[in-house]
Amino acid sequence: MGFIIFISKFSIAGLSGVIINFITTYILKEKLKINQYISNSCGITTALTINFMLNKYWTFQTPQENIITEIYQYIIIMILSVVMNHLTVYTFTSKLKVNFYVSKVLAVLLVFFWNITMHTIYTFNTEGIDAIEILKRGF
């Protein structure tokens with residue numbers, strides 16, 4: 001798969017996640033009046049779950065027999081992604097006094113680059129290729 005197609009697929013899957021993330025967060029925070037950090041957790045967790053399915057079957061097209069390993073690896077990356085997301089939102093919102101939703105956009109951008117790197121070299125790397133070789137191939 002070419003680099004542009006790969007990035008496009010990963011980006012479309014990611015954009016779907018961003019939309020789901022923001023809609024979920026907005027409904028929980030603004031309509032249901034749930035704490036903004038709980039709403040944020042629900043939004044990002046829902047988005048990351050849907051992203052797993054899109055990336056496994058569409059972007060990376062990995063074999064079905066690897067799904068249990070991929071789920072465990074994905075959970076590790078997902079937990080780290082949620083922590084990164086929270087720390088970014090918290091830092092920008094509470095410490096730097098940036099608008100909550102602007103903070104979420106910044107968090108999404110940071111987590112995007114983390115996710116594409118980690119899912120390529122760790123979660124969906126079914127061939128056991130090292131990171132340098134993946135970069136040489138252009139993902």
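Biologist: Before we start, when does a charge count as sitting over a ring?
Modeller: NZ of Lys or CZ of Arg must be within 6 Å of the ring centre and within 35 degrees of the ring normal.

Biologist: Which lysine lies over the face of Phe 22?
Modeller: Lys 104, at 5.2 Å from the ring centre. Bear in mind that this is a predicted model.

Biologist: OK. And what lies over the face of Phe 100?
Modeller: Lys 29 does, at 5.5 Å from the ring centre.

Biologist: Let's step back. How many helices and strands are there?
Modeller: The protein has 5 helices and 0 strands. Along the sequence the pattern reads α-α-α-α-α.

Biologist: How much of the protein is buried?
Modeller: Buried residues are 38% of the 139. The accessible surface is about 7800 Å², and carbon and sulfur atoms hold 71% of that.

Biologist: Which residues make up the largest nonpolar core?
Modeller: That core has 12 residues. They are Phe 6, Phe 10, Ile 44, Leu 48, Phe 52, Phe 60, Ile 67, Tyr 74, Met 78, Val 82, Ile 116 and Phe 124.

Biologist: Tell me about α3, then. How far does it reach?
Modeller: α3 has 29 residues and spans 40 Å from first C-alpha to last. That is close to the 42 Å expected at 1.5 Å a residue.

Biologist: What do its buried residues pack against?
Modeller: The buried residues of α3 pack against α2 and α4 (100-123). Among those buried in α3 are Ile 67, Glu 70, Tyr 74, Met 78 and Val 82.

Biologist: Switching to aromatics. How many aromatic pairs are there?
Modeller: The whole structure has 11. One of them is Phe 112 with Phe 113, an edge-to-face pair. The centres are 5.3 Å apart, with 85 degrees between the planes.

Biologist: Are those two buried or exposed?
Modeller: Phe 112 is partly exposed, at 24% relative accessible area. Phe 113 is exposed, at 54%.

Biologist: Which aromatic cluster holds them?
Modeller: One formed by Phe 6, Phe 10, Phe 52, Phe 60, Tyr 74, Phe 112, Phe 113 and Phe 124.

Technical notes
Residues are numbered from 1 along each chain as its sequence is written. This is a predicted model: local features need pLDDT of at least 70, side-chain atom pairs count only at pLDDT 80 or more; totals for chains, interfaces and linings use all residues. Side-chain values use heavy atoms; hydrogens and water are left out. Rings of Phe, Tyr and Trp (its six-membered ring) pair if their centres lie within 6.5 Å; planes under 30 degrees apart count as stacked, over 60 as edge-to-face and the rest as tilted. Buried means under 20% relative accessible area, exposed over 50%, partly exposed in between (1.4 Å probe, protein chains only). Helices (H or I, at least four residues) and strands (E, at least two) are DSSP runs, numbered from the N terminus. Accessible areas come from the Shrake-Rupley method with a 1.4 Å probe; for residues, only the protein chains shown count as cover. A nonpolar core is a set of buried Ala, Val, Leu, Ile, Met, Phe, Trp, Tyr and Cys residues joined through side-chain atoms within 4.5 Å. The expected span of a helix is 1.5 Å times one less than its number of residues. Contact means heavy atoms within 4.5 Å.
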